[in-house]
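Me: Please take a close look at one part of this model, the packing of its helices. I would like one connected answer that I can follow along the structure.

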Amino acid sequence: MGFLDSLLGRSKVKGPAPDRLFAITTAAIAMETGPGIRTRGAAAIVFQPLATGDFAQIVSEMEEVVRGTGEETGTTLTTSDDTYGYRWMVLNDPDIEDLAVGVNAVSDALNIGGYGNRVLCAVFAFEDSSGQPLYFIYNYKRGTWYPFVPAGGEQQRSTERELQVKAQLGAELPIEPELERWFPLWGIPI
């Protein structure tokens, strides 16, 4: 950052560290033993597809790789497009480490292909001891996590529960410090 940038109030966002995605694997252990939050065995990587042959080939090859390794690990893969034009590549596996590895493989392939800017986030599905769904969302552009807890009703969220989860797990995950960046994701297919 140069002098002019600081004078004009511009700042560079700290890029994501590759190991931050994998923090979910150790956090999952702490969640299960502490507040009783368990994985639902599902995760997704969300990206905005392009109608180019190159992009389609990268995605197709990644699907083949994940399905091929899934035969050994037990990971299954499905894809769906949402109403906003984003593609959800959904992985199912009871092992949280397998989910993190699969999500990371897809994001790496998109980055190497020059399409890292098309990735929106990764989402890992959990539930609390009462069966209430709880999602942990990884923002690739910021390299941080935040909880998302949908509440009853149309597009309602439990901000209070999200803050409780943040307090319980703040040491385990690199949590997004700016609460206004905790964007809800409605219609999560996992």
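Reply: H2 and H4 are roughly antiparallel to each other. This is a predicted model, and the angle in it between helix H2 (residues 23–33) and helix H4 (residues 96–112) is about 160 degrees. Angles over 145 degrees count as roughly antiparallel, which is why the pair gets that description. The axes of H2 and H4 lie 9 Å apart, and the crossing of the two helices is right-handed.

To find where they touch, look on H2 for Ile24, Thr25 and Ala28, and on H4 for Ile96, Glu97 and Ala100. Sorted by class, the residues of this contact are four nonpolar, one polar and one charged.

H4 also packs against helix H3 (residues 53–73). The axes of H3 and H4 come within 10 Å and cross at roughly 160 degrees. H3 and H4 are therefore roughly antiparallel to each other as well. The crossing of H3 with H4 is right-handed.

On the H3 side, the residues that meet H4 are Phe55, Ile58, Val59, Met62, Val66 and Thr73. Their partners on H4 are Asp98, Gly102, Ala105, Val106, Ala109 and Leu110. By class, this contact between H3 and H4 has nine nonpolar, two polar and one charged residues. For H2 with H4, the corresponding counts are four, one and one.

From the helices, turn to a pocket. The second largest pocket holds about 200 Å³ of space. Two elements give two or more residues to its lining, strand E4 (119–127) and strand E5 (133–139). E4 gives the most, with three residues. In total, 13 residues line this pocket, and those nearest its centre are Val119, Leu120, Cys121, Asn139 and Phe183. The lining divides into eight nonpolar, three polar and two charged residues.

Key: Residues are numbered from 1 along each chain as its sequence is written. This is a predicted model: local features need pLDDT of at least 70, side-chain atom pairs count only at pLDDT 80 or more; totals for chains, interfaces and linings use all residues. Side-chain values use heavy atoms; hydrogens and water are left out. On a 1 Å grid over the protein atoms alone, a cavity is a set of points where a 1.4 Å probe fits but cannot get out, and a pocket is an open set with protein on both sides within 12 Å along at least five of seven lines; lining residues have an atom within 4 Å of a point. Grid points are joined across faces, edges and corners, and a volume is the space filled by probe spheres set on the points. Helices (H or I, at least four residues) and strands (E, at least two) are DSSP runs, numbered from the N terminus. Ala, Val, Leu, Ile, Met, Phe, Trp, Tyr, Cys and Pro count as nonpolar, Asp, Glu, Lys and Arg as charged, and the others, Gly among them, as polar. Axes are lines fitted to C-alpha atoms, for helices over the stretch in contact, and angles run from 0 to 180 degrees between N-to-C directions. Angles under 35 degrees count as roughly parallel, over 145 as roughly antiparallel, 65 to 115 as roughly perpendicular and the rest as oblique. A crossing is left-handed if the near helix is turned anticlockwise from the far one by less than a right angle, and right-handed if clockwise. Contact means heavy atoms within 4.5 Å.
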